[in-house]
Amino acid sequence: MATINLILRTKKNPANIYARFTNSRSLDITVSTGVFVDPSVWDKRNQKIRNVITVQNRDELNSTLAKLKINIIDEFNSSYTQGKLITQDWLKDIISKFFLRPKHEIKKINLNHHIYLTDFATWWLEEKAPKWKVKAGKYMDAKTKKHYKILNDIIIRFEGRNKIKLREIDNDLLSDFSEFLTNEKYAEITAKRMVGRFKFFCTRSEELGFEVNSNYKQTVFVAKDEEEYKHPYLSVDEINKVFKLDLSHDNTLENVRDNFIIGLWTGLRVSDFLTRLKIEDLKDDYINIKTLKTGTWVSLPIHDHIQTILNKRGGFFPSKISEPKFNKHIKTICQLVDIDEEMIGGVTEVDEKTKTKRKKVKVYKKHELVTSHICRRSFVTNHIGKIPNSELCKLGGWATEDMMLHYVKSTSRQSANELKKYWDGLKINSNSK
């Protein structure tokens with residue numbers, strides 16, 4: 001019959017407790033449990049720690065060892081009836097699972113990235129990210145890796161001294177993380193992005209076979225911003241003001257303004273219009289470019305403003321400039337043409353003590369809120385409803401209409417004005433009949 005005995009193989013302290021499993025004469029295998037004890041307090045006959053005060057957790061250990069013996073017999077019955085081989089590796093696996101040991105534990109040396117979330121994230125970014133395909137023929141780039149590194153730093157602050165174990169991550173912990181982000185004054189959209197990236201690491205670890213609590217897949221709610229606000233865009237009238245601004249006295253500002261106009265009338269991402277556009281992308285009054293982020297080809301007609309800029313520059317695009325400098329100068333340009341209506345907005349500020357970045361929401365002048373993102377935002381907002389949404393998606397290189405509509409930033413008053421213009425047009429037509 002199947003029998004399990006707990007034995008010691010040495011009198012040296014501490015001694016490893018071994019599990020010896022026998023089944024008649026056909027099977028006799030012995031495996032270490034990984035639990036150690038002082039041989040002087042071990043009751044060989046009853047296979048447990050004697051009742052001595054020097055071992056304070058003896059009752060807990062004895063109970064655990066008794067359950068282990070029962071568990072091995074239960075697992076044997078299950079495995080035997082299913083036709084599984086009963087081997088030393090089988091017994092090792094049963095004991096490992098009973099003690100909740102990490103699947104990839106090697107010779108009882110715990111590899112931290114098999115156990116802890118932040119250690120896994122650090123390891124994955126170094127070892128796996130360079131070969132992680134985000135799409136066919138494209139791997140995770142340095143900028144994206146930086147975003148995930150920032151998230152990992154945030155999680156380290158969140159966990160404090162109690163490092164988060166992969167198998168302990170559940171919906172409650174993620175909800176606590178979401179609340180932490182809210183208390184840290186992260187914007188709603190940023191917090192949602194952080195929670196998504198948190199789950200990204202859980203999914204990657206699960207794919208690699210590490211022990212992960214599947215409850216992380218449940219929905220996590222993020223608190224809404226206390227003050228809702230719309231990101232600004234430039235109307236056609238405001239774009240005209242920027243285009244007509246005389247900057248002949250300042251070559252830098254004029255160069256930035258010309259790049260700005262190109263971004264506003266193409267809707268291209270800043271990574272495309274500011275650094276990658278070249279004369280070879282022009283053909284038959286169209287701009288044809290393969291976008292950097294998605295790898296899709298877009299074809300755009302050359303707006304009159306852009307053509308004027310090209311003519312002025314002998315057919316060439318304006319000089320390239322870094323995005324930080326571009327963001328700084330377009331604020332100045334918008335200020336020069338009095339784009340200064342007051343509106344609620346968010347501006348990222350750096351805490352001098354912690355050096356962490358936070359978005360501060362309050363009333364700003366519109367030119368203070370202008371960044372490179374306003375180009376793409378303005379393009380879609382100024383053209384929505386003028387051409388079919390499906391065609392606008394293709395022009396901007398958006399994968400879905402929902403993604404495109406996220407960029408639409410017209411206010412309810414502006415929509416009402418458009419409706420009023422339409423009604424006024426109906427009245428004129430009616431009176432002329």
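Is Lys163 buried, partly exposed or exposed? Lys163 has a relative accessible area of 34%, so the residue counts as partly exposed (buried is under 20%, exposed is over 50%, and partly exposed falls in between, using a 1.4 Å probe and protein chains only). The structure here is a predicted model, in which local features need a pLDDT of at least 70, side-chain atom pairs count only at pLDDT 80 or more, and totals for chains, interfaces and linings use all residues. Residues are numbered from 1 along each chain as its sequence is written, and side-chain values use heavy atoms, with hydrogens and water left out.

Confidence comes next. pLDDT is the predictor's confidence in each residue, on a scale from 0 to 100. The protein chain averages 84, and 88% of the residues score at least 70. Among the elements of the chain, helix α9 (residues 251-266) has the highest mean pLDDT, at 96, while helix α16 (residues 412-432) has the lowest, at 57.

As for the overall build, the protein chain has 16 helices and 12 strands; these are DSSP runs numbered from the N terminus, with helices (H or I) of at least four residues and strands (E) of at least two. Of the 433 residues, 38% are buried. The chain exposes about 26,100 Å², and carbon and sulfur atoms supply 50% of that (areas come from the Shrake-Rupley method with a 1.4 Å probe, and for residues only the protein chains shown count as cover). Taking contacts with a separation of 6 or more, 57% are between residues 24 or more positions apart, where a contact means heavy atoms within 4.5 Å.

Now to the salt bridges (a side-chain nitrogen of Lys or Arg within 4 Å of a carboxyl oxygen of Asp or Glu). A search of the whole structure turns up 18 of them. Lys163 pairs with Asp119, and their closest N and O atoms are 2.4 Å apart. Asp119 lies in helix α4 and Lys163 in the loop between α5 (142-159) and α6 (171-183), so this bridge ties together parts that are 44 residues apart in sequence. Asp119 is also partly exposed, at 22% relative accessibility.

Asp153 is partly exposed at 34%, and Lys149 is partly exposed at 42%.

Lys366 and Glu341 make another bridge, with 3.9 Å between the closest N and O atoms. This pair links distant parts of the chain, 25 residues apart: Lys366 sits in the loop between β12 (357-365) and α13 (373-383), and Glu341 in the loop between α12 (323-336) and β11 (342-350). Lys366 is buried, at 6% relative accessibility, whereas Glu341 is partly exposed at 45%. Asn255 is in helix α9 and is buried, with a relative accessible area of 11%.

The aromatic residues come last. Rings of Phe, Tyr and Trp (its six-membered ring) pair if their centres lie within 6.5 Å, with planes under 30 degrees apart called stacked, over 60 edge-to-face and the rest tilted. That rule gives 20 aromatic pairs. In one of them, the ring centres of Phe120 and Trp123 are 5.8 Å apart and the planes meet at 45°, so the pair is tilted. Both residues lie in helix α4 (residues 117-127), 3 residues apart, about one turn of the helix. Phe120 is buried, at 0% relative accessibility.

Trp124 and Trp132 form an edge-to-face pair, 5.6 Å centre to centre with 65° between the planes. Trp124 is buried at 2%, while Trp132 is partly exposed at 25%. Both belong to a cluster linked by ring pairs, along with Tyr148, Phe200 and Phe201. Tyr148 also has the charged end of Arg197 over its ring, 5.5 Å from the centre (NZ of Lys or CZ of Arg must be within 6 Å of the ring centre and within 35 degrees of the ring normal). Likewise, the charged end of Arg9 sits over the ring of Tyr18, 4.7 Å from the ring centre.
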